Amino acid sequence: GGASQRPLASCSMIVRDEAHNLEACFEAAAPLVDEWIVVDTGSTDGTAELAERLGAKVSHVPWCDDFSFSRNASLEPATGTWTIVLDGDDRLEGAKELRAFLEALPDDAPEAAFAVQVQSPLEVEDGETTHWESLWQPRIFRTSAGVRYRYPVHNIPILDGLEVGAAPGRVRHIGYTSPEARIGKAERTLRLLEKLPEGDPHRLYHHIRALAGLQRFDDVPPLAAQLASKVEALSPDIRVMWAQALLAQGSPQQAIAVLAEGLGEHPHHPDLFYVLLTAAGVGYAGSMLRIRRGGGLFEGVALTLDRAPAVVRALVDLGALDAAVLDSDLIQPGPVEGSQTHWGEGPTGGR
C-alpha cells in the first residue's frame, strides 16, 4: 500500500541457512505479500543478506532451541491487516486467489484466523510427488488479534476463543522430501520435546510421530496407550501408527482392537479402514501360514482389494466392528454368504 495505507498482508518467517530456498519462496508468495519480515536464527550461508536484497525487514535472534520464541519474534513487527506465516521451504500456491479472498472480507468479518491446506511431499520420483502428507493448518491471522505460538517444537498458534475459517490457496512444504531430512528432523524433535514434561500430551503426540518416522516401533505402543488415557479421543494418525507398530511386533489382533476403537471415535475415517483391512489381512495370512506349516491343505488369498468387503463383514461377525459399517461408502457392497462370512474358501472349506 501507499504511505498512508495499511498493507493488506505481512509475511512473517524464521529462517536459518535457507539461501537456496528463499527466492522461490518469495516469488511464489509475492502476489499476496506487501511486507516481508524475516527473523534469522544464525545463518552462515548469506540468507539474511539475500532477504534484505529481496526487500525484507531482517532481524537477528539467537537460536535457543525454541521455535515458538523465534516465531513470536517474527510476528511482533507485522503491520499488515493480515499476517501469513511461512517458512523458507514453503511454496504458497494460489497467492492471487488468496489475496482476492482477503480483500473481499468485510471489516467486521468474524474470523480472526484462517487455515490453509499444507501439503508435505515425502517422496518425489522424476519430478512427480508419489507420497505426501496433507493437513489443514492455521497460517493466516488478523494481525490485531495478537496471535502467538507455544511449544518449543511443532509449535502451534494459540487460538482460544477465536473464530477460524478456511482460506483458498495451498502451501507446499518441501522440507521432508529426502529420507535424510526426515530422519534429521525427527531426531531434532525428540531432543526439543525433552523441554516439556514427560506426560504432556503435545510431547507424547509428537514423540510417537517421531519414533514411528524413525521406525522405532517397540517404543510406540506404551506411549500411544499413555496418550489415549489423557485425551478424549485419540487422533486417527496416532491410532494408525500404534497399529502399524503392533503389526511390526507381530500382534495383528491387538492392532485390530486399536483400530476398531478408533473407528468408534472417528467413524468413516479412510486411513483407519485401510490399516484395519491390512491388519485383518496380516492376521488372516498368519493363521493360514500356521495351517500350512502344520500340514493343512488350505490354499487362499490373504487379502486383496476385491476381498476387502468380506474381511469387513468378517470383523463384524467377530464383534470387532459395529454392523453399521456395512452401510459405509468406504466399502463396496457385496453378497453375504449365509449368516456368517467366510474369509476364504479352499479344499478344507476352512474359515
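Analyst: A polar contact is a pair of N or O atoms within 3.5 Å, and within protein one of the two must be able to donate a hydrogen and the other to accept it. Please keep in mind as we go that the structure above is a predicted model.

User: With which residue does the side chain of glutamate 35 make a polar contact of 2.5 Å?

Analyst: The partner at 2.5 Å is the side chain of serine 10, and a further polar contact, of 2.9 Å, links the side chain of glutamate 35 to that of threonine 79. Glutamate 35 belongs to strand S2. If we leave out residues up to four places away in sequence, glutamate 35 touches Ala9, Ser10, Cys11, Lys57, Pro77, Ala78, Thr79 and Gly80.

User: Is glutamate 35 buried or exposed?

Analyst: The cut-off to remember is that a residue is buried under 20% relative accessible area and exposed over 50%. Glutamate 35 has a relative accessible area of 6%, so it is buried. For a contrast, look at lysine 96 in helix H4, which is exposed, with a relative accessible area of 65%.

User: Which residues of helix H1 are buried, and where around the axis do they lie?

Analyst: The general idea is that an α-helix has 3.6 residues a turn, so residues three or four places apart point the same way. In helix H1, which spans residues 19-29, the buried residues are Asn21, Leu22, Cys25, Phe26 and Ala29. They lie on the same side of H1 because they cover an arc of only 130 degrees around the axis. On the other side of H1, His20 and Glu27 are exposed.

User: Against which elements do the buried residues of H1 pack?

Analyst: They pack against strand S1 (9-15), strand S2 (35-40), helix H2 (47-53), strand S5 (90-93) and helix H4 (95-103).

User: How many aromatic pairs does the structure hold, and how should I read one of them?

Analyst: A pair of aromatic rings is described by the distance of the centres and the angle of the planes. The structure holds five aromatic pairs. In one of them, the rings of phenylalanine 26 and tryptophan 36 have centres 3.8 Å apart and planes at 10 degrees, so this pair is stacked. Because phenylalanine 26 lies in helix H1 and tryptophan 36 in strand S2, the pair ties together parts that are ten residues apart in sequence. Phenylalanine 26 counts as buried, at 6% relative accessibility, and tryptophan 36 is buried as well, with a relative accessible area of 9%.

The rings of tryptophan 63 and phenylalanine 67 have centres 4.8 Å apart and planes at 70 degrees, so that pair is edge-to-face. Tryptophan 63 is partly exposed, with a relative accessible area of 27%, whereas phenylalanine 67 is buried, with 17%.

User: Over which ring does the charged end of arginine 71 sit?

Analyst: The charged end of arginine 71 sits over the ring of tyrosine 149, 5.9 Å from its centre. Tyrosine 149 lies in strand S8 (residues 149-150) and is buried, with a relative accessible area of 8%. Leaving aside neighbours within four places in sequence, the contacts of tyrosine 149 include Arg71, Asn72, Leu75, Val85 and Phe141. Of these, asparagine 72 is 77 residues from tyrosine 149 in sequence and 6.3 Å from it in space, C-alpha to C-alpha. Elsewhere, lysine 185 lies over the face of tyrosine 176, at 4.4 Å from the ring centre.

User: Which residues of the largest nonpolar core touch the most other members?

Analyst: Of its 32 residues, those touching the most other members are Ile208, Leu227, Ile238, Trp242, Ala255, Leu259 and Ala279. The elements that give two or more residues to this core are helices H5 (179-193), H6 (201-213), H7 (220-228), H8 (236-248), H9 (252-265) and H10 (270-293). H8 gives the most, with eight residues. Apart from this core lies another one, of 31 residues, including Ala9, Met13, Ala56 and Ala95.

User: What is leucine 227 in contact with, leaving aside its neighbours within four places in sequence?

Analyst: Leucine 227 is in contact with Pro201, Leu204, Tyr205, Ile208, Leu234 and Ile238.

Key:
Residues are numbered from 1 along each chain as its sequence is written. This is a predicted model: local features need pLDDT of at least 70, side-chain atom pairs count only at pLDDT 80 or more; totals for chains, interfaces and linings use all residues. Side-chain values use heavy atoms; hydrogens and water are left out. Buried means under 20% relative accessible area, exposed over 50%, partly exposed in between (1.4 Å probe, protein chains only). Helices (H or I, at least four residues) and strands (E, at least two) are DSSP runs, numbered from the N terminus. The arc is that of the directions from the helix axis to the C-beta atoms. Contact means heavy atoms within 4.5 Å. Rings of Phe, Tyr and Trp (its six-membered ring) pair if their centres lie within 6.5 Å; planes under 30 degrees apart count as stacked, over 60 as edge-to-face and the rest as tilted. A charge sits over a ring if NZ of Lys or CZ of Arg is within 6 Å of the ring centre and within 35 degrees of the ring normal. A nonpolar core is a set of buried Ala, Val, Leu, Ile, Met, Phe, Trp, Tyr and Cys residues joined through side-chain atoms within 4.5 Å.
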